[in-house]
Amino acid sequence: MRLQKIAMTKKSSIFDEFLHDREFAGSFYQYHPWREESIYERARDLKISKPAVSRQELVRVLRSYHQPDLVHHEVERNLNRLAEEDSMVVIGGQQAGLLGGPLYTFYKAITIVRLAKQAEKQLGKPVIPVFWIAGEDHDLEEVNHVWVQNGDKEPVKHRLEVKDQRKIPISRRRLDEKQYRDWLDQLAGILPDRPYKEEWLAQCKKWGMGTRSWTRLFAKVLNHFFGPYGLLLVDSHDENLRRLEVPVLKRMIRQSRAIARAVQNASGRLIGRGLEVPVDLKEDQGNLFIQIDGERQLLFQKGGQWTTKDGLKKWSEDELLSLVEQEPALFSNNVITRPLMQEALFPTLYFVAGPGEIAYWSLLKEAFYELGLKMPVVIPRMFVTLMDKALEKRMDEFALGLEELEHLKQKKMKWIDEQQPPDLTDRFQEAVDVILGHHGQLVGYLHQTIGMNMKEIGKKNEEKIKAQIDYLHRFAKKSLEEKHRASLRKWDELIHGIYPNDKPQERVYNMIWAWNEHGMDWVDFLLRAPSSEVRLDGSVHVLLI
């Protein structure tokens, strides 16, 4: 295995501003991500900050969450180290997609583990890797499927169907073990037979045994690969954690309007720079959810009251604060307050983020201040494309460089054009000009000698002639494509492998696709690769396996 790095294509986006504009990064984020001094500044700020929750209570909750099936001696070691007052964390998170969701979940976890180890060497203090599982999210369509390649190397979406379509937190979705096992057998039927098929199928079925919820399944997957590296897991919808969050939730309610104003101010500054606001900011939204009859509903502040969107449930601020105290499990954060809650719970040195997260965090610097917090250092995760020898061979056949991975579809169209006779289009245009020239003379003669409606009939006839010539042109092009069918299959194999569904591989395929084809040694390879080979600056790492 070996790594090669390529630069991502620049786009007009907040993520690109973050990567390439030092003034933007320093203005919209607390610490400049590309200044070496930032890690030391952040460590000093954490040392003097007052924790919002008890460190010992946090560790107690996390230890309880890991029992009994997420235990590993490195996990236990890091739980003990997190209890030390001078320890810090590197944290990142993701929704609980089936079997880990898209590959970038793994790259995020790998980045967290690597960065924690690196920061601990720099600071000489315990730095613990933590993965935040967004168990409170309710978007079923985001997590109920995996993408893999079938035997024809085409992308296939394999969905786990559920009857209950309510907007309930993913952590409250019970995993039907029989249905899950049947779904896995169907998945095995989609994937081609490879030496690793029996291995992953047996392990995935083992993960499902006695698993209570979708998020627990997700946690088992991450723990299997990253528990040996001491990665701690936290489910944001853990009821024990929610009870610990009560004081922070109350502050969020009291400071709700101030938080909203801070976010609106930041959105105005983004608009002033010609950038698109990354979050749909609804008027009067309270940036918290409440469960009504089991479903999550966004809270709003209207007319001095808190209310659900439909207005059917209303509370005064005091009533809502009392409800938080009595039933904290009913409440959860939205995209704005989740980062604030994360920071209130953990002494965060680095937050590891994807492009979308980095975009919406640009709104939050002043919002952190409203809770007496500071935003941690924000750093992008690894970006990885897996390329095996077959894909590498296709790249060589079409004389493509790694920097062209984002443009494979355009390269394919250009290649098709190049296979046409150079004068084919000109020949057809010449034929059109000659035929219609003679046709026009004929129609003119008929109009003069016969009259009637010959001109109108001639016009319709001309359109039919052009349509037939155009049909012949298209047929000729299609025949050329048939002639080059084998090469076009190779193009499709390359595109489906590297840029499926017009998206980077890491945003589509599940790790089962990689496991079935290559095993999972590449995970340890990425975890152990020298820092000199892994850049967290937006570069794409092509892993040749």
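The model is predicted, so local features need pLDDT of at least 70 and side-chain atom pairs count only at pLDDT 80 or more, while totals for chains, interfaces and linings use all residues. Residues are numbered from 1 along each chain as its sequence is written, and side-chain values use heavy atoms, with hydrogens and water left out.

I begin with the salt bridges. The term denotes a side-chain nitrogen of Lys or Arg within 4 Å of a carboxyl oxygen of Asp or Glu. By this rule there are 38 salt bridges. One network of them links Glu136, Asp137, Arg242, Glu245 and Arg338.

Let us turn to individual pairs. Lysine 490 bridges to glutamate 397, with the closest N and O atoms 3.4 Å apart. This pair links distant parts of the chain, 93 residues apart: lysine 490 lies in helix α22 (residues 485-498) and glutamate 397 in helix α18 (residues 389-397). Helices here are DSSP runs of H or I, at least four residues, and strands are runs of E, at least two, numbered from the N terminus.

Another pair is glutamate 404 and lysine 411, whose side chains meet at 2.8 Å, N to O. Is glutamate 404 buried or exposed? Glutamate 404 counts as buried because its relative accessibility is 16%, buried meaning under 20% relative accessible area, exposed over 50%, and partly exposed in between (1.4 Å probe, protein chains only). Lysine 411, at 27%, is partly exposed.

Finally, arginine 159 and glutamate 161 form a salt bridge at 3.5 Å, N to O. Arginine 159 is partly exposed, with a relative accessible area of 27%.
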